[in-house]
Amino acid sequence: DFLTSLFAASDANLNAALRHDLSAREVLDTGAARIDLELVAEPRLRARLLEAVGNAYRHMNDNNRAAGLMREAATLNLSPAIDDPLAGARCLEALANLLANGEFPAAQAEDAARRSLVLAQRLTPAGSQAIANAWMVLSLAQNRAGNYAAAQVSDDTTLRMNLALRNTADNRLTAAYNNRCIILANRGEQVAAERACTSGIALHQADGSGASVGAAMTLSRQAQSRAALFDAAGADAAMRQALDIVRATQGDD
């Protein structure tokens, strides 16, 4: 009922004040504002919608809005009212990712990442993808804090686990190589960083995602390492390839 009423905002038969330029963002903003007002008595449903809307803002690069919603979803899932620690771990992982990649205090990102890891280790089998994902987010948080040595240890762990889980659903091996490239570059190890990027790009090509935004991000990282190694031609080639992919997938704008 909530979602039906939300999308009714774009139905001219139900919304007499409908504007032709109503955006999906405005519909989302309205929905986010209504969750706390209308679903107070439905904590489980409220947590699910907070997570869903938080992820929507996250993919729109509105990290501030997304972080608040994801933090609230995590708190609700871990509260006695719901007591769903696995959902809480998932929300904490997403929150840590947001905090590590946005303009937030690094300590907050690492705290959320460690809490997610503890829950994943307690609730899922050893060697699970959930644990590998939590290690990956922890490496990002540590990198954000400038603790590159610890970040590399965490990334070594997630890379090893993702290699073992390579043929499972939600595997994140390409992301692990991309993050490894970032961390090694921050440590000043540009040769090793460029090699990690090359491995990630090869994996993207092997699994059919060579023209994805993820591949373009790794190509961009590769270009930066090549530039730091004074390989201007190689850097230019990688960056142009990344640009072509983004133009094809996202448009010139």
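Okay, let's start with Cys181: it's buried, at a relative accessible area of 1%. By buried I mean under 20% relative accessible area, with exposed over 50% and partly exposed in between, using a 1.4 Å probe and protein chains only. Cys197 is buried as well, at 0%.

Quick housekeeping. This is a predicted model, so to speak of local features we need pLDDT of at least 70, and side-chain atom pairs count only at pLDDT 80 or more, while totals for chains, interfaces and linings use all residues. Residues are numbered from 1 along each chain as its sequence is written, and side-chain values use heavy atoms, with hydrogens and water left out.

Back to those cysteines. Cys181 and Cys197 form a disulfide with their sulfurs 2.0 Å apart; the cut-off for a disulfide is a pair of cysteine sulfur atoms within 2.5 Å. The structure holds one disulfide. What's its handedness? The torsion about the S-S bond of Cys181 and Cys197 is about -90°, so it's left-handed. Cys181 sits in helix H9 (residues 173–186) and Cys197 in helix H10 (residues 190–206), so the pair ties together parts 16 residues apart in sequence. Helices here are DSSP runs of H or I, at least four residues, numbered from the N terminus.

Now the core. A nonpolar core is a set of buried Ala, Val, Leu, Ile, Met, Phe, Trp, Tyr and Cys residues joined through side-chain atoms within 4.5 Å. The largest one has 44 residues, and Ile35, Val53, Tyr57, Leu95 and Leu99 have the most contacts inside it. Which helix gives the most? That's H5, with nine residues. Leu95 is in contact with Ala67, Met70, Arg71 and Ala112, leaving aside neighbours within four places in sequence; contact means heavy atoms within 4.5 Å. There's also a second, separate core of eight residues, including Ala216 and Leu219.

Next, helix packing. The axes of H5 and H7 come within 9 Å and cross at roughly 25°. Axes are lines fitted to C-alpha atoms, for helices over the stretch in contact, with angles from 0 to 180 degrees between N-to-C directions. That makes H5 roughly parallel to H7, the label for angles under 35 degrees. Among the residues making the contact are Ala96 and Leu99 of H5 and Val137 and Leu140 of H7.

Last one: Asn143, in helix H7 (residues 129–144). Buried or exposed? Asn143 is buried, at 15%. Not counting residues up to four places away in sequence, Asn143 touches Tyr148, Ala151, Ile182, Ile183 and Asn186.

Terms used. Helices (H or I, at least four residues) and strands (E, at least two) are DSSP runs, numbered from the N terminus. Angles under 35 degrees count as roughly parallel, over 145 as roughly antiparallel, 65 to 115 as roughly perpendicular and the rest as oblique.
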